[in-house]
Amino acid sequence: MTNATIKPLTPAIGGEIDGINLSTPLSDAEIAFIRQALLDHHVVFFRDQTLDHAQHKAVGKLFGDLVKVPFVEAVPGHSEIFEIIKLPEERDVYNFGGNWHTDMTYMQNPALVSVLYGDEVPPIGGDTMFASLEDAYSALSPGMQKLLEGLTGVHTADRSYGKSGKFANDTIADEGMDVRPSEEAAKQIEHPVVRTHPETGRKALYVNPNFTFHFKDMMESESKPLLNYLFQHMTRDEFVCRFRWTPGSVVIWDNRCTMHRALNDYDGHRRVMRRVTVGGDQPKLI
Ligand SMILES: O=C(O)CCC(=O)C(=O)O
Ligand SMILES: [Fe+2]
């Protein structure tokens, strides 16, 4: 039994769950409710939660084993948790997650689910946007779907975490977020451009502007026109939602069928989020 309710945010994506306290051990009915809501809405939101590190990890573990995220320092003593911090004085700097992306597609086994907890949120701004990659796929013509199903995407973290990536000059990293650029980021990883969700059987587009550089066996210049078309298509109004954080909000998203983007419109305010990440399967087109 659960008294939980869900209120969709938009027809395509996002649902706010009420009536569940994530800091307590959850009943089987509550767990089933959250899992189904995530499959139906791709990203779910909770308000007014209070999670310590152990409780935060317990929420992540509802979906599988937790992993350490590469290139980002973890919270001391908690390798599966990291903090996303932007300080008031960090004006005009790149913010973490600021380009549309799906978490960790630069790995052979990218993230399955991410659980983000809003510890300190700005009074206005700092929203996060989410896009449904299933709706984006479904809206394409049968001809384009077929073409894309024959393609493989090449992903790398180099532009973000490489030696000359976005975070290479993050000079006040000591008090803020601790990103560690590395040669390792240049590694190239291949994924199908269309993947099948292993639990729902639905197909989703699986490329993103932050990590997908080109199609396999094609040059960047050849890949760009189609990739750019897809990136524009994937962020059409009818496929996205925008979440307004309040302190204690918890957001859980399914990286198998979504991408997201953190908005950088709150210079002069501190924003602190904590994330745990559930390890994923290898994306496949079935
Ligand atoms: O800070 C945010 O709103 C999202 C950052 C992000 O991309 C992530 O946590 O995966
Ligand atoms: Fe992210």
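1. Ground rules. This is a predicted model, with local features needing pLDDT of at least 70, side-chain atom pairs counting only at pLDDT 80 or more, and totals for chains, interfaces and linings using all residues. Residues are numbered from 1 along each chain as its sequence is written, chains are lettered from A and ligands numbered from 1 in the order in which they are written, and side-chain values use heavy atoms, with hydrogens and water left out.

2. The partners of β14. Two strands count as paired if DSSP finds at least two bridges between them. Strand β3 (residues 43-46) pairs with β14 in the antiparallel sense over four bridges, and Phe46 stands opposite Val250. β6 also runs antiparallel to β14, joined to it by five bridges; here Ser114 has Trp253 as its bridge partner.

3. The three-stranded sheet. There is also an open sheet with the order β9-β8-β12 and antiparallel pairing. Its edge strands, β9 (189-192) and β12 (212-215), each pair on one side only. From one strand to the next, the twist averages 35 degrees (axes are lines fitted to C-alpha atoms, for helices over the stretch in contact, and angles run from 0 to 180 degrees between N-to-C directions). Four bridges join β8 (residues 152-155) to β9, and one pair of bridge partners is Thr152 and Pro192.

4. Salt bridges in general. Side chains of opposite charge can pair when their charged atoms come close. The rule used here asks for a side-chain nitrogen of Lys or Arg within 4 Å of a carboxyl oxygen of Asp or Glu, and the count comes to 18 salt bridges.

5. Arg274 with Asp119. These two side chains meet at 3.4 Å, N to O. Arg274 sits in strand β16 (residues 271-279) and Asp119 in strand β6 (residues 111-120), so the pair ties together parts that are 155 residues apart in sequence. Arg274 is buried at 9% relative accessibility, whereas Asp119 is partly exposed at 30%.

6. Asp127 with Arg242. This salt bridge comes in at 2.8 Å, N to O. Asp127 is in the loop between β6 and β7 (128-132) and Arg242 is in strand β13 (residues 240-243), with 115 residues separating them. Asp127 is buried, with a relative accessible area of 7%, while Arg242 counts as partly exposed at 45%. Both belong to a network of salt bridges that links Asp127, Arg242, Arg244 and Asp265.

7. Lys216 with Glu190. This one brings us back to the sheet of point 4. The two side chains meet at 3.4 Å, N to O, with Lys216 in the loop between β12 and α6 (220-234) and Glu190 in strand β9, 26 residues apart. Both ends are partly exposed: Lys216 at 35% relative accessibility and Glu190 with a relative accessible area of 37%.

8. The second largest pocket. On a 1 Å grid over the protein atoms alone, a pocket is an open set of points where a 1.4 Å probe fits, with protein on both sides within 12 Å along at least five of seven lines; lining residues have an atom within 4 Å of a point. The elements giving two or more residues to its lining are β1 (5-8) and β2 (15-18). Among the lining residues are Lys7, Glu16, Asp18 and Arg47.

9. Two positive phi values. Phe71 is not a glycine, yet has a positive phi of about 70 degrees. It lies in the loop between β4 (66-67) and β5 (81-86) and is buried, at 15% relative accessible area. Met104 has phi near 65 degrees, lies in the loop between β5 and β6, and is buried at 4% relative accessibility.

Note on methods: Buried < 20%, exposed > 50% of the residue type's maximum accessible area, 1.4 Å probe, protein only.
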